[in-house]
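Below is a short briefing on one structure.

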Amino acid sequence: MPKRSYRSRSIRKIYIKTPGGKTVIHYERKKPKKAHCGSCGAILKGVPRERPYKLRKLAKTQRRPERPYGGVLCSKCARLLFIREARK
Amino acid sequence: MIEIGRLCLKIAGKESGKKCVIVDVIDDSYVMVDGDVKRKRCNIKHLEPLEGTIKIEKNASHDMVVKEFKKLAIEIKESKPKEKKEKPKKIRGKKEKVEVKEEKPKRKALLTVGAKKEKKETKAKTTENKKEKPDKPKEEKKVKKKIVKENKS
């Protein structure tokens, strides 16, 4: 029997093969849902789907697109926003 | 609308939201752009033309564009490359000499031919000295022993 706290459906099992040949179960929290655009709700590209402790290990440029509103708005919505500002 | 000197706003890429000016028209879809952005080729689809125009020549230099932008009160952030610091060069194989403490001569060095002779001479000297010195106490001992024997008898 695993530890009582691991007997939860919010935790996923990962089967890992050790160098000795055994298969061991590792327990991890489930991944969050994909990042979505703030205005249209489309799935954002270039934003990794990981838990925060794994995102922290990445470089800042790998966490979101390197443009204003990157990681918040999708490219289409950001472009429309800039055009609207220019035509004011 | 797309002409040399036309002020534009970049819509796409990491420089989106920044102002630039068209310096050269390359073909139907591409123009050369300079200003608050890096001087480079740019697709027309990634530009939003603004109302103003600047009087500049074709392929005007970056400094000229900066001057014109200053007149319009548009600030341009310029990043200067970092000055390189000189690092001490490491030469492979040539290590700096470290001061070594004076070591005692090793046993092997003493056992060489020259050293052997010296050793023998020094030994002979010491033995001669030893032979001379212990003569006196031996006699005394003998005398003492004789006294003890006489007493016992």
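**Domains, strands and interfaces**

Chain A is divided into domain 1 (1–30) and domain 2 (31–88), the bounds coming from an automatic or database domain assignment. This is a predicted model, in which local features need pLDDT of at least 70 and side-chain atom pairs count only at pLDDT 80 or more, while totals for chains, interfaces and linings use all residues. Residues are numbered from 1 along each chain as its sequence is written, chains are lettered from A and ligands numbered from 1 in the order in which they are written, and side-chain values use heavy atoms, with hydrogens and water left out.

**Domain 1 against domain 2 in chain A**

- Taken over C-alpha atoms, the centres of domain 1 of chain A and domain 2 of chain A are 32 Å apart.
- Four residues of domain 1 of chain A are in contact with five residues of domain 2 of chain A, where contact means heavy atoms within 4.5 Å.
- The two domains of chain A bury about 340 Å² between them, 39% of it on carbon and sulfur atoms. Buried area is the accessible area (1.4 Å probe) that two parts lose on being put together, summed over both.
- On the side of domain 1 of chain A, the residues that lose the most area to domain 2 of chain A are A:E28, A:R29 and A:K30, together 84% of what that side buries.
- The rule finds one salt bridge across this domain interface of chain A; a salt bridge is a side-chain nitrogen of Lys or Arg within 4 Å of a carboxyl oxygen of Asp or Glu.
- A:E28 forms a salt bridge with A:K54, with the closest N and O atoms 3.7 Å apart.
- By class, the side of domain 1 of chain A that touches domain 2 of chain A has four charged residues, no polar and no nonpolar ones. Asp, Glu, Lys and Arg count as charged; Ala, Val, Leu, Ile, Met, Phe, Trp, Tyr, Cys and Pro as nonpolar; and the others, Gly among them, as polar.

**Strands of chain B**

- Strand 2 (residues 19–25) and strand 3 (residues 30–35) of chain B run antiparallel and are joined by five bridges. Strands are DSSP runs (E, at least two residues), as helices are (H or I, at least four), numbered from the N terminus, and two strands pair if DSSP finds at least two bridges between them.
- Strands 2 and 3 of chain B form a hairpin with four residues between them, and B:I22 stands opposite B:V33 in strand 3.
- Strand 3 of chain B is also joined by four bridges to strand 4 (residues 40–43), and these two run antiparallel.
- Strands 3 and 4 of chain B form a hairpin with four residues between them, and B:Y30 stands opposite B:N43 in strand 4.

**Chain B against chain A**

- Eleven residues of chain B are in contact with eight residues of chain A.
- Chain B and chain A bury about 780 Å² between them, 62% of it on carbon and sulfur atoms.
- B:I11, B:K14 and B:E48 supply 52% of the area that chain B buries against chain A, more than any other three residues.
- One salt bridge is counted between chain B and chain A: A:R87 pairs with B:E48, the closest N and O atoms being 2.8 Å apart.
- The side of chain B that touches chain A has four nonpolar, four polar and three charged residues.

**Salt bridges overall**

- Over all chains, the structure holds nine salt bridges.
- A:R87 lies in helix 3 (residues 75–87) of chain A and B:E48 in strand 5 (residues 47–53) of chain B, so this pair joins two chains.
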